[in-house]
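Look at the structure below before reading on. The report that follows covers helices, salt bridges, cores and confidence.

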Amino acid sequence: MVRQSSSRVPEQSAQDAPPADILTRVRAARPSLAPSERRVADVVLADPGQVAELSINALGGRASTSAATVMRFCRTIGTGNYPQLRLALAAAAAREHALGGERAARGGTDISPTDSLDRIVSKIIYNEVRALEDSGTGLDVDALGRAVDAVAKARRIDIFGVGASAFVGQDLHQKLHRIGRMAFIWSDRHAALTATALLGPGDVALAVSHSGETEDTTEPLQAAAARGATTIALTNDPGSTLATSADLVLTTCARETPFRSGATVSRIAQLAVIDCLFVGVAQRSYDAATTALEETYGAVRRRGRPTRRPPSSPGA
């Protein structure tokens, strides 16, 4: 089986990409960039409109690096050359400017100690909608399709995740079980490694990690790969250890916030990708999946109905 390298974002013409896609790709690639390229990314993200007006040497100077590094940065994020990067940034800056008034009305997007509860609600909804939009734009539909094929044909599906990512894994596990798929969720590292000993070709291992660097998740996925299982990573960093260890990579594009430790925005984006995967799998056996969903819903619904007792006699 040929493993798909994910240390680089797939090359794509900037003109063909949606306007916001270039910034989404830069944010996604940033954690795995070399230090010099990361400085270029920081300058780009700080003011994409201004960078669109700079020469390649001027951008290199602002990032304290060379024009050659800027060119490597262009190739890394999927633009063939610097003129394409400038065009993509100009389009993205126009979109960001259009959204600027909306952000300003909310007082920015980060939560501050003085925000009213009403403003907190507004900011959270805005951030989560942006995460969903950016993740939808950046999601590799071809990789998603191959992941759907693998899960739909799998003998068994083992899902790995810890912390907030475990809750996302549990959601997929519950959904797959409801349509009759043999799926398991493992949030304990030792249990996950034990489970991988039973995997082989024809099985699927799917790991969820926002950073892609959680060893409790990366190690079981690597062990599953060594056993010949098809491996799928769901992560925010396409250059992470988890992503580069997987056959297929599904990425989210959730922006960091001061409350990242609460895994709020990232969880919403992960759940959206999980829903896309599940619906794709269910669609492959539409009639059987629909019947299974109806039967499992009916079992719970019947259980939830209150039992009516006959009225007591006056003397009871």
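Why are Asp 142 and Arg 146 separated by about one helical turn? The two are four residues apart in helix α8, and so about one turn of the helix lies between them. This is a predicted model, in which local features need pLDDT of at least 70 and side-chain atom pairs count only at pLDDT 80 or more, while totals for chains, interfaces and linings use all residues. Residues are numbered from 1 along each chain as its sequence is written, and side-chain values use heavy atoms, with hydrogens and water left out.

The chain has 14 helices and five strands. These are DSSP runs numbered from the N terminus, with helices being H or I of at least four residues and strands being E of at least two.

**Salt bridges**

Side chains of opposite charge can pair when their charged atoms come close. A salt bridge is a side-chain nitrogen of Lys or Arg within 4 Å of a carboxyl oxygen of Asp or Glu. The count comes to twelve, and the table lists some of them.

| Pair | Closest N and O atoms |
|---|---|
| Asp 142 and Arg 146 | 2.9 Å |
| Arg 156 and Asp 158 | 2.7 Å |
| Lys 175 and Asp 171 | 2.9 Å |

Burial is judged by relative accessible area: buried means under 20%, exposed over 50%, and partly exposed in between (1.4 Å probe, protein chains only). Asp 142 is partly exposed at 49%, and Arg 146 is partly exposed at 37%. Arg 156 and Asp 158 are both buried. Lys 175 counts as buried at 19%, whereas Asp 171 is partly exposed at 21%.

**Cores**

A nonpolar core is a set of buried Ala, Val, Leu, Ile, Met, Phe, Trp, Tyr and Cys residues joined through side-chain atoms within 4.5 Å. The largest one has 30 residues, of which Leu 250 and Leu 277 touch the most other members. Helix α8 gives the most to this core, with seven residues. Contact means heavy atoms within 4.5 Å. Beyond its neighbours within four places in sequence, Leu 277 is in contact with residues including Leu 144, Ala 147 and Val 148. A second, separate core of 23 residues includes Ile 22, Val 40, Val 44 and Leu 54.

**Confidence**

pLDDT is the predictor's confidence in each residue, from 0 to 100. The chain averages 84, and 81% of the residues score at least 70. Over residues 1-20, pLDDT stays under 50. Where pLDDT is low, the predicted coordinates should not be read in detail.
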